[in-house]
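Please read the following report alongside the sequence and the coordinates. It turns to one residue and its surroundings before it widens to the chain.

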Amino acid sequence: MPKTKLENKTETKKTNLRPLTGYVLVLPSEAESRTASGLYLPTSAQEKPAQGTVIAIGDAVVLESGKLISAPVNIGDKVIYKKWGGDEIKLNGIEYKLVKFDDMMAILE
């Protein structure tokens with residue numbers, strides 16, 4: 001059964017969306033609204049981040065050989081995923097990303 005609960009220090013996120021086999025549901029981080037020098041960027045110029053927090057994890061992938069490949073992340077992990085990886089979905093006004101296990105690149109510690 002996929003895990004679907006994220007417990008954060010300040011809040012708990014629940015969703016009725018369960019990723020299918022081989023996918024992870026990620027809540028993307030907020031886009032930076034200021035440059036390193038302190039200039040504010042308009043919304044249209046802000047680059048979408050390629051990082052976020054894992055909200056839910058789908059079941060392990062079963063290869064033809066019978067080997068199981070489980071998710072490389074856990075719920076609550078802050079992750080970096082491929083910039084063009086995953087599909088954006090909107091649920092109850094919140095944008096999420098469904099990202100394949102293969103498109104995960106790193107865990108932020």
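D103 counts as buried because its relative accessibility is 16%, where buried means under 20% relative accessible area, exposed means over 50%, and partly exposed covers what lies in between (1.4 Å probe, protein chains only). This is a predicted model, in which local features need pLDDT of at least 70 and side-chain atom pairs count only at pLDDT 80 or more, while totals for chains, interfaces and linings use all residues. Residues are numbered from 1 along each chain as its sequence is written, and side-chain values use heavy atoms, with hydrogens and water left out.

D103 sits in the loop between β9 and β10 (104-108); strands here are DSSP runs of E with at least two residues, and helices are runs of H or I with at least four, numbered from the N terminus. When residues up to four places away in sequence are not counted, D103 touches Y81, K82, G85 and G86, a contact being heavy atoms within 4.5 Å.

Which side chains meet in a salt bridge? Those of K82 and D103 do, at 3.8 Å from N to O, the term requiring a side-chain nitrogen of Lys or Arg within 4 Å of a carboxyl oxygen of Asp or Glu. The pair links distant parts of the chain, since K82 belongs to the loop between β7 (78-81) and β8 (87-91) and D103 to the loop between β9 and β10, 21 residues apart. The structure holds one salt bridge. K82 is partly exposed, because its relative accessible area is 39%, whereas D103 is buried.

Strand β9 (residues 94-100) contains I94, which is partly exposed because its relative accessibility is 31%. Leaving aside neighbours within four places in sequence, I94 is in contact with L27 and I89. The C-alpha atoms of I94 and L27 are separated by 8.4 Å, although the two residues are 67 apart along the chain.

| Residue | Relative accessibility | Class |
|---|---|---|
| D103 | 16% | buried |
| I94 | 31% | partly exposed |
| K82 | 39% | partly exposed |

For the protein chain as a whole, there are ten strands and zero helices. Of its 109 residues, 26% count as buried. Among contacts between residues at least 6 apart in sequence, 63% join residues at least 24 apart. The accessible surface of the protein chain comes to about 7700 Å², with 50% of it belonging to carbon and sulfur atoms, as computed by the Shrake-Rupley method with a 1.4 Å probe.
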